[in-house]
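Please open the model in your viewer and keep a selection tool at hand. The tour below goes from one selection to the next and says what is found at each stop.

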Amino acid sequence: MKSYIYVQTVSLDKGENHGIAWQARKELHKAARKVLATSAKILRNPFADPFSTVDIEDHECAVWLLLRKSKSDDKTTRLEAVREMSETHHWHDYQYRIIAQACDPKTLIGLARSKESDLRFFLLPPPLPSLKEGGLWCFGGNGLPYAESFGEVPSATVEMFCLEAIVKHSEISTHCDKIEANGGLQLLQRLYQLHKDCPKVQRNIMRVIGNMALNEHLHSSIVRSGWVSIMAEAMKSPHIMESSHAARILANLDRETVQEKYQDGVYVLHPQYRTSQPIKADVLFIHGLMGAAFKTWRQQDSEQAVIEKPMEDEDRYTTCWPKTWLAKDCPALRIISVEYDTSLSDWRARCPMERKSIAFRSNELLRKLRAAGVGDRPVVWISHSMGGLLVKKMLLEASAKPEMSTVINNTRGIIFYSVPHHGSRLAEYSVNIRYLLFPSLEVKELSKDSPALKTLQDDFLEFAKDKNFQVLNFVETLPTYIGSMIKLHVVPVESAENHLKVWKLS
């Protein structure tokens, strides 16, 4: 906080005065009392009360006035104050610091979710407690013994196993309480800072914080620990995964403007900031086998091409076209991308974990999407590979549950990209291909002419025939590389056709 101190020119003769240092100290004390009195009067008095009795400079009024508005009992007034703060770019550093020190958590979160906010609104996180002696810290559980069973492993690998375990724990509310009570917010922040060069570690940490933010009683602890300031900076990152994880955390913290809750694996690609643009429809992207929420929906598949691309061409490259192109063409959409774990093989799995069936996954995703408000407005589903099977199963499950009826009633369209409606020959290759010696449950469920897939397809066709939505089906005609050695036509044309409208893509 900056204050103005005015000191008159005086004689240096100590006999005539108490000296320049004494005079400066006196003026400083006077200025401090003035600031305290000012803040007390403005924040205590009615909003419409004039400032005639408050002794402050004209250029200070706007700051304190906006602070007073941000604490109003009227929600519209509070939101307007945050918007005005975020759009202000002409203040001095000390004025931003006044807001940073005096605003409440709602205002701080609102500023973090405002696109134009200056990062000077956010104080540095509080100092972290010192670590105890004894080497690498971890969260315990089964991850560490499993990592040590490999022999000599880097500390970052061990920490990654521990993080993956804590991500799972953070999905349980009572476990989140224990993480917070045992200083987990501070430990995670230290790990986040130590691994600035390892985005995967940082993303797993953000997954944990995002899951903890689903519990409103933990919001004050998350804010006090400084995570809002860290996420405000991450929101402005050019890397889509970092900004999207940060957006999920802040949306779960923002109970002023967001009713929905975004559980692990549900990411809003647009709009990620607060907006006055009314949302007219939801578009959902569901990836398939070995896919991901961000990498499946990309223009360029070669990472080397990204590295070698000249700087001036960066604007023409997109790592996720739903966010960069679709959002620009249709700003009134809410664009959601879903992520879930899949595997081709259980051979030498990196970490033992429960494999999940299509039926289990569909129920899990349907629950998460409903918590995110999917079904409250018109919906379009866009799916690839196994994701299309999940979409069909989700809609069939929703049709059997009265509380999910809005999901069915508001579905307006489904797009299937290379979906194996009749199965794939991928599992059959396990006999001859060592890489797929132990095909995963996901691969087994995609077996050619699988009875379960036939039942799913027949049930879906019966379900869809009298519904008010359109279906568009794309099929592939060229083989795909699985890793660096296997070239395979995963979904042949005859399997991708589902007797609905079909387009062929090479």
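How many aromatic pairs does the structure hold? In this predicted model, the structure holds 11 aromatic pairs. To look at one of them, select Y267 and F294, whose ring centres lie 5.4 Å apart with the planes at 45°, so the pair is tilted. The two residues come from distant parts of the chain, 27 residues apart, with Y267 in strand β1 (residues 266-270) and F294 in the loop between β2 (281-286) and α14 (303-308). Y267 counts as buried because its relative accessibility is 2%, under the 20% limit, and F294, with a relative accessible area of 3%, is buried as well. Next, select F416, F460, F463 and F469, which ring pairs link into a cluster.

**The chain as a whole**

Zoom out and colour by secondary structure: the chain has 21 helices and 9 strands. Of its 506 residues, 47% count as buried. Among the contacts between residues at least 6 apart in sequence, 73% join residues that are at least 24 apart.

In soluble globular proteins, nonpolar side chains tend to be buried together. Here, select I99, I205, I222, W227 and M231, the residues with the most contacts inside the largest nonpolar core, which has 51 residues. Helix α12 (residues 227-235) gives the most to this core, with 7 residues. Now centre the view on I99 and show its surroundings: when residues up to four places away in sequence are not counted, I99 touches V63, L67, M85, W91, L111 and F121. For the second core, which is separate and has 39 residues, select Y340, I414, V419 and L453, which are among its members.

**A cavity and the arginine in its lining**

Rolling a probe the size of a water molecule over the atoms shows where empty space is left. In this model the count comes to 2 cavities of 30 Å³ or more, and the second largest cavity has a volume of about 40 Å³. To find the second largest cavity, select S70, R78, L79, V82, K106, T107, E256 and R274, which line it. Helices α3 (75-86) and α5 (105-112) are the elements that give two or more residues to this lining, and the largest share, 3 residues, comes from α3. Which kinds of residue make up the lining of the second largest cavity? The lining divides into 2 nonpolar, 2 polar and 4 charged residues.

Keep R78 selected, a residue of helix α3. Is R78 buried or exposed? R78 counts as buried, because its relative accessibility is 13% and the limit for buried is under 20%. Leaving aside neighbours within four places in sequence, R78 is in contact with K69, S70, S72, D73, K106 and E256; of these partners, S70, K106 and E256 are also named in the lining of the second largest cavity.

**A last stop on helix α16**

Finally, select N363 in helix α16 (residues 358-371). N363 counts as partly exposed, because its relative accessibility of 29% falls between the 20% and 50% limits. With neighbours within four places in sequence left aside, N363 is in contact with E397 and K401.

Key. Residues are numbered from 1 along each chain as its sequence is written. This is a predicted model: local features need pLDDT of at least 70, side-chain atom pairs count only at pLDDT 80 or more; totals for chains, interfaces and linings use all residues. Side-chain values use heavy atoms; hydrogens and water are left out. On a 1 Å grid over the protein atoms alone, a cavity is a set of points where a 1.4 Å probe fits but cannot get out, and a pocket is an open set with protein on both sides within 12 Å along at least five of seven lines; lining residues have an atom within 4 Å of a point. Grid points are joined across faces, edges and corners, and a volume is the space filled by probe spheres set on the points. Helices (H or I, at least four residues) and strands (E, at least two) are DSSP runs, numbered from the N terminus. Ala, Val, Leu, Ile, Met, Phe, Trp, Tyr, Cys and Pro count as nonpolar, Asp, Glu, Lys and Arg as charged, and the others, Gly among them, as polar. A nonpolar core is a set of buried Ala, Val, Leu, Ile, Met, Phe, Trp, Tyr and Cys residues joined through side-chain atoms within 4.5 Å. Buried means under 20% relative accessible area, exposed over 50%, partly exposed in between (1.4 Å probe, protein chains only). Contact means heavy atoms within 4.5 Å. Rings of Phe, Tyr and Trp (its six-membered ring) pair if their centres lie within 6.5 Å; planes under 30 degrees apart count as stacked, over 60 as edge-to-face and the rest as tilted.
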